[in-house]
Amino acid sequence: MEKPESAVAERAAEPMFKRVALIGIGLIGSSISHAARRAGLAGDIVGSAPPPEMRARAEELGLVSKAYADPVEAAKGADLVVLCTPVGAFQEIAQAIGPHLEPGSILTDVGSVKAAAIQDIAPHVPAGVHFIAGHPIAGTEQSGPDAGFAELFDGRWCILTPGEGADPSALAKLSEFWRKLGSNVEIMTPEHHDMVLAITSHVPHLIAYNIVNTASHLERVTDSEVIKFSAAGFRDFTRIAASDPIMWRDVFLNNKDAVLEMLGRFAEDLTTLQRAIRFGDGETLERLFTQARATRRGIIQAGQDTAQPDFGRRPARAKDGAQ
Ligand code: NAP
């Protein structure tokens, strides 16, 4: 028997999740809300954040229909719960919400570190709830509910790190959710994720934090000169170094081994450059710089950055000779 047209239309419009709970409504939480609304993935989106002003702002912006102080209230009745707080808060939140999670629901996170996040969350996940950890490789140096935008995940990768016993249909559903948010999805082990991200994200942030602080400790170059001539390269490090200190503190506390391993290699390679400069070895410098330039080309070819001069930051200012 054929279904009435209205019932078919209703089913077609049924969102992927009835109630999505965002625990933490900062850059990533608010971007998930924007992108999920854009794609019609959620019947309702609720959230949780500690400060009252953050909750009021999240409701005012329409990111969530209701923002709760207590993550338990947000998680109750949700068929998708996403932990979007700094990694250091995961354990306490998982412990609190665990007993209240709906059987059959999916619990995931967006933390920048995976092995430690899983260690903190997994013991609190009751049987019948599908926990699959994740990490969208997309972000900016901004934070808070005003920072989010729907396009943040477009064309970027989201890495999912399911455990061995993960339910295939829950994994397929979460992968589809991220694809509909705009991402490409890749599956890997948490340990491999942490190693890859240590070199592509964590060590670069550490270098940025360090070089910005080194410049501010100099005695023979004034702070005003550092700022005035920053377009020579320094400025690009300051953008990364403006990232949220709490989030990054938690990344380094939770991905210690992989970061120390990559830092060791970085220090060895830095010594090679230092020696080449000391001994006037132009051949080595040219070879290593050419190699690095090829990596940049690869990133552009993969569509992970723009080839425009100055990252497309400013329109060409013709005629007046300004740079
Ligand atoms: P954010 O903008 O600072 O937002 C974090 C949110 O979590 C804020 O609303 C914060 O409120 C809230 N929060 C902190 N502790 C909480 C707790 N105990 N209970 C409930 N809410 C709490 O940070 P974000 O950039 O969205 O980062 C969130 C997560 O995404 C982190 O785990 C990070 O590793 C990961 N991530 C970040 C990026 C990036 O580039 N930023 C990219 C990918 C993944 P308060 O501000 O009041 O503390």
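Ala, Val, Leu, Ile, Met, Phe, Trp, Tyr, Cys and Pro count here as nonpolar, Asp, Glu, Lys and Arg as charged, and the others, Gly among them, as polar. With those classes, the shell around the ligand has 16 nonpolar, 10 polar and no charged residues. Please keep in mind that this is a predicted model, where local features need pLDDT of at least 70 and side-chain atom pairs count only at pLDDT 80 or more, while totals for chains, interfaces and linings use all residues. Residues are numbered from 1 along each chain as its sequence is written, and side-chain values use heavy atoms, with hydrogens and water left out.

**The chain as a whole**

- The secondary structure comes to 13 helices and nine strands, taken as DSSP runs numbered from the N terminus (helices are H or I with at least four residues, strands are E with at least two).
- Along its principal axes, the C-alpha trace spans about 80 × 50 × 45 Å.
- Of the 323 residues in the chain, 38% are buried; buried means under 20% relative accessible area, exposed over 50% and partly exposed in between, with a 1.4 Å probe and protein chains only.

**The ligand and its shell**

- The ligand is surrounded by 26 residues, the closest being Leu27, Ile28, Pro51, Thr85 and Ser112; a residue is near a molecule if one of its heavy atoms lies within 4 Å of it.
- Polar contacts are pairs of N or O atoms within 3.5 Å; within protein, one atom must be able to donate a hydrogen and the other to accept it, and residues adjacent in sequence count only if both atoms are side-chain atoms.
- A polar side-chain atom of Ser112 is 2.6 Å from a ligand oxygen atom.
- From the backbone, a polar atom of Leu27 lies 2.8 Å from an oxygen atom of the ligand, and an N or O atom of Ile25 lies 3.2 Å from an oxygen atom of the ligand.
- On its own the ligand exposes 890 Å², and the protein buries 83% of that; the areas come from the Shrake-Rupley method with a 1.4 Å probe, and for residues only the protein chains shown count as cover.

**Aromatic pairs**

- There are four aromatic pairs in the structure; rings of Phe, Tyr and Trp (its six-membered ring) pair if their centres lie within 6.5 Å, with planes under 30 degrees apart counted as stacked, over 60 as edge-to-face and the rest as tilted.
- Phe17 and Phe177 make an edge-to-face pair, because their ring centres are 5.5 Å apart and their planes stand at 80 degrees.
- Phe17 belongs to strand β1 (residues 17-23) and Phe177 to helix α7 (residues 168-180), so this pair ties together parts 160 residues apart in sequence.
- Both Phe17 and Phe177 are buried, and together with Phe153 and Trp178 they form one aromatic cluster.
- Trp248 and Phe252 form a tilted pair, with ring centres 5.9 Å apart and planes at 40 degrees.
- Trp248 and Phe252 are four residues apart in helix α11 (residues 245-254), so about one helical turn separates them.
- Trp248 counts as buried at 6% relative accessibility, and Phe252 counts as buried at 19%.

**Charges over rings**

- The charged end of Lys173 sits over the ring of Phe17, 4.4 Å from its centre; this requires NZ of Lys or CZ of Arg within 6 Å of the ring centre and within 35 degrees of the ring normal.
- Tyr68 has the charged end of Lys66 over its ring, 5.7 Å from the centre.
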